Each structure stands twice: as C-alpha cells, then as structure tokens.
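Here is a short report on a single model. It follows a few charged side chains and then turns to confidence.

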Amino acid sequence: MWTKIIPAIGIALLLQGCGGFEYSPNQSFSGDTRTAINKENIKRLQESPGDKRIRFVLTGDSQRAYKDAVDLVDAVNKLPEVDFVFLAGDISDFGLSQEMEWVDQIFSKLHIPYFGVIGNHDMVSTGQKSYKRMFGDLDFSFIYQGVKFVCHNTNSRETSFDGSVPDLPWLKEQFLPENGVDAYVAVAHIPPGSGDFDPILNDNYVSIVNKSPNTLAALYAHNHTSEVFFPGNQLAIPYIVTDAIENRKFVLIEIVNGKLKYENITY
C-alpha cells in the first residue's frame, strides 16, 4: 500500500501549485475541479479572430509525463500562429481525477485553447466520470473556419468490444453534409487496426470516415510512436498517429484552402 501512496505524494510535492491532495484514490472530483473544459475552449476558439489558415497541434498520452508535458506547453507557446491543441487521449494513467487535474493545470498554461479527447486509460477506475465532469461528452464536435472536427471515443476494449464504441450511427451523422462546413477531420485516441479497436466495427468505421469527399484526415495517439497510414485504399486521407508526450514529439498540422499538411516536431 505504502509503495503506491509514497510516489503519489512525491508527485504532488514536485507539482506545487497543482491543487490539494485527493484524499481517496477513488474520489472522482474535488470542489475546485474545473468543469466543461472542452465547451469553454470551443467558445474561446470560436470567438478568436482567426484567419484563412488553421494551424494546430496533435499530441497525446500525457499520463504521468508531467515534466515532458510542461516542456511541450513551452514549445507550443513559442510556435507562431497556432490556433489550438488536441490532447488525444490517455490524459491520465489510472483514470484518477487528480491526474486529470494535474495535466489540466499544465495545459492551462497554453496561450491557446486545448481539447481533451478520451483515451482508454481515462476510462478505467472512475476515469469516465471524471472525464465527463472535467471535459464533457465522450463524443463531441465543433466547427472552426469551415472545418468540422469530429472528436470521438474509440476505446472499444473498455466496453468489452460490445459493438457500442465507436458509436457508428453518431459518427455517420457527424459526417453528413452541413451548411457552413467545407471539410471534416476525425479525432480520437485509438486508431482503427489497433488491437484495442473493435475489429467487427473497423471496416465500417473507416468507410464512414473516408466516405465524405471532404474528409481531410483522421488523427490519433495511443501507439506511443509516430505513424501515418491509409486504410480503405483511400490514399487521399491520411490517418495520422502522434507520438506520446514522454517521447517528446508532437504533430503540427496546417489547413489552408482545403489542403492539409503535417510535420512531426521534436522538442
């Protein structure tokens, strides 16, 4: 027992200013926990002036890499004209609200909005409850400068591959033609083809994402390595996987005139 408690106290002492202790490891939130972070940051982003270029960062798997996360935030803050950041899942390691609060306090130092997408580690213990309270719905979307970002839960193993995750009917509706939407980008944690993605749903999922002629890319984390692949024999749509924060890499993505380009950044 003490071997679990002592490291947690040590992390808390190292991260002074990260709020009070969580007295029970099963506590799902404290009185000063931030709520509705994604909704708040969508509003903040949509109220920003913006321009014809969308520039954003894809990262993920913050888990216990707190020092590396601090350095990532510093690196992103030095980049010019970045609009927002996607933290694509595994915000926590053990699904504890204290972990999510520590990560939020680091990412709140960004000069721009960030959006937390749920990962498989965020669904263990009381993590799903904590995620919903802090960040919001597991499946959500928003439109920015004519691009619809469809953020969704692909953590199939955590629902025992029961066919409910990812929510294909919801996804299909999100990718339908819509006024004010010129292009689509999918964002999730676990990419299709992974052993943690429901294999029965894999082909239908790819078909939904690829079906729209205006889908620009699908973005993921989870694999702790950088990767780009093209499922469904549709070479026009890259499925981009970002490296883990502990490996000190992220993907910088830019959309201009309906064209998407990306590069891996080491910090």
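Arginine 248 is partly exposed, with a relative accessible area of 25%; buried means under 20% relative accessible area, exposed over 50%, and partly exposed in between (1.4 Å probe, protein chains only). This is a predicted model, in which local features need pLDDT of at least 70, side-chain atom pairs count only at pLDDT 80 or more, and totals for chains, interfaces and linings use all residues. Residues are numbered from 1 along each chain as its sequence is written, and side-chain values use heavy atoms, with hydrogens and water left out.

The whole structure holds 13 salt bridges, a salt bridge being a side-chain nitrogen of Lys or Arg within 4 Å of a carboxyl oxygen of Asp or Glu. Among them are these:

| Pair | N to O distance |
|---|---|
| Arginine 248 and aspartate 68 | 2.8 Å |
| Aspartate 71 and arginine 248 | 3.0 Å |
| Glutamate 254 and lysine 261 | 3.7 Å |

Aspartate 71 lies in helix H3 and arginine 248 in the loop between S9 and S10, so this pair ties together parts 177 residues apart in sequence. Aspartate 71 is buried at 18%, and aspartate 68 is buried at 19% relative accessibility.

Glutamate 254 counts as buried at 13% relative accessibility, whereas lysine 261 counts as exposed at 52%. Salt bridges with shared partners join Arg53, Arg55, Glu81, Glu254 and Lys261 into one network.

The average pLDDT, the predictor's confidence in each residue from 0 to 100, is 90 for the protein, and 88% of the residues score at least 70. Over residues 1–26 the pLDDT is below 50. Where pLDDT is low, the predicted coordinates should not be read in detail.

Technical notes
Contact means heavy atoms within 4.5 Å. Helices (H or I, at least four residues) and strands (E, at least two) are DSSP runs, numbered from the N terminus.
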